[in-house]
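Visitor: I would like to go through this model with some questions about its backbone and one of its helices. Could you show it first?

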Amino acid sequence: MRLAGFAEESIVDGPGVRIVVFFQGCIHHCPFCQNPTTWPFEMGTDVPLSEVEKVIEKNSRNTSGVTLSGGDPFCSLDDAIALARFCKEEQHLNVICFTGFTFEELLERGKKDMRYLVLLSYIDSLVDGRFLLSLRSIAINNRGSRNQRCIDVKRSLQLDKIVLDEKMMDMSFYDDNEELF
């Protein structure tokens, strides 16, 4: 898989301490993107899935889950599916995914290419939509701009309508009972 990198312990890419996998390659090219070096598909490093799996296995007991970011994981469907499947089926981890596509765009693409729907089926929370500088806000959690949504993917697919993941959108990064130091 082509990766821009990964973080074994992140507290800024979703709730709790998370393993973050940054995929290389993005078609959106949002102005003022926080990771523009992840856009070119020819950059990054080829990393065997087994190597990423080892990092996740080693850290899975000490994390809240795995975050797929980028670039855009939906621009690397086969690799993202393999990794998300491993996280859910073998490690039983929560999976969050950041994408520049909207949920509606992914469903539409899934009509022609089922891999979009397969990847969605392994994701718990999806942060969707392109970053828009005009809607940028530091007052919101887990998103860069107000047009982006945190979607509860399982419930949205079950109910055939978008269900926001309120916990992800409004959560504080720390439980009241969690020690900070």
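Visitor: In which loop does His92 lie?
Guide: This is a predicted model. His92 is not a glycine, yet its phi is positive, about 55°. The residue lies in the loop between α2 and β5 (94–98).

Visitor: Is His92 buried or exposed?
Guide: Over 50% relative accessible area counts as exposed. The value for His92 is 66%, so the residue is exposed.

Visitor: What is the phi of His29, and how does its accessibility class come out?
Guide: His29 sits in the loop between β2 and β3 (45–46). Its phi is positive, near 50°, in a residue other than glycine. Most residues other than glycine have a negative phi. Because its relative accessibility is 41%, His29 counts as partly exposed.

Visitor: Why do the buried residues of α1 line one face of the helix?
Guide: The buried residues of α1 (residues 49–59) are Val52, Glu53, Val55, Ile56 and Asn59. Looking down the helix axis, they line one face because they fall within an arc of 160°.

Visitor: Which residues are exposed on the other side of α1, and what do its buried residues pack against?
Guide: On the other side of α1, the exposed residues are Lys54 and Lys58. The buried residues of α1 pack against β1 (2–10), β2 (18–23), β4 (65–69) and α2 (77–90).

Note on methods:
Residues are numbered from 1 along each chain as its sequence is written. This is a predicted model: local features need pLDDT of at least 70, side-chain atom pairs count only at pLDDT 80 or more; totals for chains, interfaces and linings use all residues. Side-chain values use heavy atoms; hydrogens and water are left out. Buried means under 20% relative accessible area, exposed over 50%, partly exposed in between (1.4 Å probe, protein chains only). Helices (H or I, at least four residues) and strands (E, at least two) are DSSP runs, numbered from the N terminus. The arc is that of the directions from the helix axis to the C-beta atoms. Contact means heavy atoms within 4.5 Å.
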